[in-house]
Amino acid sequence: QGRLIESGGGLVQAGRSLRLACAASGRTFSSYTMGWFRQAPGKERELVAAITSSGSTYYTERRFIISRDNAKVYLQMNSLKPEDTAVYYCAATLDPRIAAGSGVYNYWGQGTQVTVSS
C-alpha cells in the first residue's frame, strides 16, 4: 500500500522555528496533493498547508512554509507560538481541491508532536 512517516517534532521555545518532514514508504506520492494538518487536544483536526504535485500552495497559517522534493514533503514553521502546540499529521490526496479538508485525504501518517513552550 503506502505509508507516510513524519519526523522533526519536539519541544521548542516560543519564537523559534521547527522543520517537519514527511517521507513516503511503499509507493510514490509524486502525483498527490500533500497536506499538513494539526490537531490540538480537544480541537478538530485542521489543515495548515497544502501543496499540489505541480507546486501550488495553500496556507491557513502564514508563518509556515510547505515544500516538497522527490522524496519528502516539508513544513517549515517559523515564529512558533504556544497555540501551535499540537500533533502534526502529513496526508495525501488525489483530490484536486487544494483547500479541501481532511475528508478527501486517503493516506495519513501517524503524527508527530510539536510542543511550544512560552
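Strands (E, at least two residues) are DSSP runs, numbered from the N terminus.

The model is predicted: local features need pLDDT of at least 70, side-chain atom pairs count only at pLDDT 80 or more, and totals for chains, interfaces and linings use all residues. Residues are numbered from 1 along each chain as its sequence is written, and side-chain values use heavy atoms, with hydrogens and water left out.

**Strand pairing**

β1 and β3 run antiparallel and are joined by five bridges. Two strands pair if DSSP finds at least two bridges between them. Glu6 has Cys22 in β3 as its bridge partner.

**Nonpolar cores**

A nonpolar core is a set of buried Ala, Val, Leu, Ile, Met, Phe, Trp, Tyr and Cys residues joined through side-chain atoms within 4.5 Å. The largest has 27 residues. Leu4, Met34, Trp36, Ile66, Leu75, Met77 and Tyr88 have the most contacts inside it. Elements that give two or more residues to this core include β4 (33-39), β7 (64-68) and β11 (112-117). β9 gives the most, with four residues.

Contact means heavy atoms within 4.5 Å. Not counting residues up to four places away in sequence, Ile66 touches Met34, Trp36, Ala49, Ala50, Ile51, Thr57, Tyr59, Val73, Tyr74 and Leu75. A second, separate core of 10 residues includes Phe37, Leu47, Ala100 and Tyr105. In soluble globular proteins, nonpolar side chains tend to be buried together.

**Largest pocket**

A pocket is defined on a 1 Å grid over the protein atoms alone, as an open set of points where a 1.4 Å probe fits, with protein on both sides within 12 Å along at least five of seven lines; lining residues have an atom within 4 Å of a point. The largest pocket holds about 190 Å³ of space. Its volume is the space filled by probe spheres set on the points.

The lining has 15 residues, and Phe29, Ser30, Arg68, Asp69 and Asn70 lie nearest the centre. β3 (18-25) and β8 (72-77) are the elements that give two or more residues to this lining. β3 gives the most, with three. By type, the lining divides into eight nonpolar, four polar and three charged residues. Here Ala, Val, Leu, Ile, Met, Phe, Trp, Tyr, Cys and Pro count as nonpolar, Asp, Glu, Lys and Arg as charged, and the others, Gly among them, as polar.

**Selected residues**

| Residue | Relative accessibility | Class |
|---|---|---|
| Thr52 | 13% | buried |
| Ala24 | 37% | partly exposed |
| Ser79 | 42% | partly exposed |
| Gly103 | 76% | exposed |

Thr52 lies in the loop between β5 and β6 (57-59). Beyond four places in sequence, Thr52 is in contact with Tyr32, Thr33, Arg68 and Ile98.

Ala24 belongs to strand β3. Leaving aside neighbours within four places, Ala24 contacts Arg3, Leu4, Phe29 and Ala71.

Ser79 sits in the loop between β8 and β9. Ser79 has a positive phi of about 50°, although it is not a glycine. Most residues other than glycine have a negative phi.

Gly103 is in the loop between β9 and β10 (107-108). Gly103 and Glu46 are 57 residues apart in sequence and 11 Å apart in space, C-alpha to C-alpha.

Conventions
Buried means under 20% relative accessible area, exposed over 50%, partly exposed in between (1.4 Å probe, protein chains only).
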